Amino acid sequence: MDRQTELSGNLQAVRQRVTAALDTAGRDDSPTLIVVTKFFPASDVAALAELGVRDVGENRDQEASSKAAQAADDPRCQGLRWHYVGQLQSNKAKSVVRYAAAVHSIDRGSLVKALDKAMTVEQQRRAGDGAAPRDNLQCFIQVNLDPAGVDDDEARQGGHPAGRGGVDPVHLHQLAARIDGAEHLDLAGVMAVAPLGGDPDEAFETLAGISAGLRARYPAARAISAGMSSDLEPALNHGATHLRVGSDVLGQRPDLR
Ligand SMILES: *Cc1c(COP(=O)(O)O)cnc(C)c1O
């Protein structure tokens, strides 16, 4: 089977699961399916774009910026939106805002400051090139739902995506206020990864409550980024608006991280 056929079949299976889960949840909206392409080549990104995928996710700047640059020169990839879903160091902010429409992993004030500053520089760069300004950066606050704590190196080494990271829910509003006050950033909503070994249904129910609290203060911050290959059903059941699905579309990654 060629790669396009394989991806097409996998994508169709995921879309069917999404439709079934929306039906079960009694929802008639259509959440955004972000296909997480980390570890897979730019040729897969192009194949996915041809299959109607509009949103792709990456978790490392070096890999993402190189693929985004290849996609920018590829007519099949025009209009593709890039979502940065991994841990982000502040010194990568300048690079990330060149290609990413959204960052799902905002977990500290210093990163908010770095991203807003990077956006100012990026808009100036575009103006200098005679290019149109880009849209504001969509910002998701990553919430840590693991009762065991924030610094979960063990889980990360075990290959759990974004095992570490996420703000303690008590600091959510402080961080939201900083994003809301930043000139070039839009507060999109919340993001979480279900804790390793925990019940995703419980985790996403908690996340839905946290999202409701955020929306009470910031009505536009409606987005809930939750649900991966193994837990998209419970995520959709608890209101996920953005799914981040990797392996069930692309296959097993050579080395989980
Ligand atoms: C890799 C990754 C995903 C996709 O996980 P799969 O289990 O392959 O679907 C989702 N979210 C984040 C933050 C990731 O790093």
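How far is an oxygen atom of the ligand from a polar backbone atom of S247? I looked this up before anything else. The distance is 2.8 Å. I note that the model is a predicted one.

**Entry: ligand contacts**

I went on to the other polar atoms around the ligand. In the side chain of R253, an N or O atom lies 2.7 Å from an oxygen atom of the ligand. For R244, I found a polar side-chain atom 2.9 Å from a ligand nitrogen atom. On its own the ligand has 390 Å² of accessible area, and the protein covers 96% of that.

**Entry: the shell**

I listed the residues that surround the ligand and got 12, the closest being K38, S229, G246, S247 and R253. I sorted the shell by class: six residues are nonpolar, three are polar and three are charged.

**Entry: R253**

I returned to R253, one of the closest residues to the ligand. I placed R253 in the segment after α10, a helix that spans 247–250. Is R253 buried or exposed? Its relative accessibility is 11%, so R253 counts as buried, the cut-off being under 20%. Leaving out neighbours within four places in sequence, I found R253 in contact with K38, F39, F40, G246 and S247. Among these, K38, G246 and S247 are also on the list of residues closest to the ligand.

**Entry: H238**

I looked up H238 next. H238 sits in the loop between α9 (232–237) and β8 (242–245). With a relative accessible area of 17%, H238 is buried as well, because the value is under 20%. Which residue does the side chain of H238 join through a polar contact of 3.2 Å? The partner is the side chain of D201. I also noted the residues that H238 touches beyond four places in sequence: D201, F204, E205, A208 and I224.

**Entry: nonpolar cores**

In soluble globular proteins, nonpolar side chains tend to be buried together. Here the largest nonpolar core holds 70 residues. I noted I106, L115, L185, L207 and V249 as the members with the most contacts inside this core. I followed up L207. Not counting residues up to four places away in sequence, L207 touches V143, L145, V190, M191, A192, I224, S225 and A226. There is also a second, separate core of seven residues, including F140, M191, V193 and M228.

Technical notes. Residues are numbered from 1 along each chain as its sequence is written. This is a predicted model: local features need pLDDT of at least 70, side-chain atom pairs count only at pLDDT 80 or more; totals for chains, interfaces and linings use all residues. Side-chain values use heavy atoms; hydrogens and water are left out. A nonpolar core is a set of buried Ala, Val, Leu, Ile, Met, Phe, Trp, Tyr and Cys residues joined through side-chain atoms within 4.5 Å. Buried means under 20% relative accessible area, exposed over 50%, partly exposed in between (1.4 Å probe, protein chains only). Contact means heavy atoms within 4.5 Å. A residue is near a molecule or strand if one of its heavy atoms lies within 4 Å of it. A polar contact is a pair of N or O atoms within 3.5 Å; within protein, one must be able to donate a hydrogen and the other to accept it, and residues adjacent in sequence count only if both atoms are side-chain atoms. Accessible areas come from the Shrake-Rupley method with a 1.4 Å probe; for residues, only the protein chains shown count as cover. Ala, Val, Leu, Ile, Met, Phe, Trp, Tyr, Cys and Pro count as nonpolar, Asp, Glu, Lys and Arg as charged, and the others, Gly among them, as polar. Helices (H or I, at least four residues) and strands (E, at least two) are DSSP runs, numbered from the N terminus.
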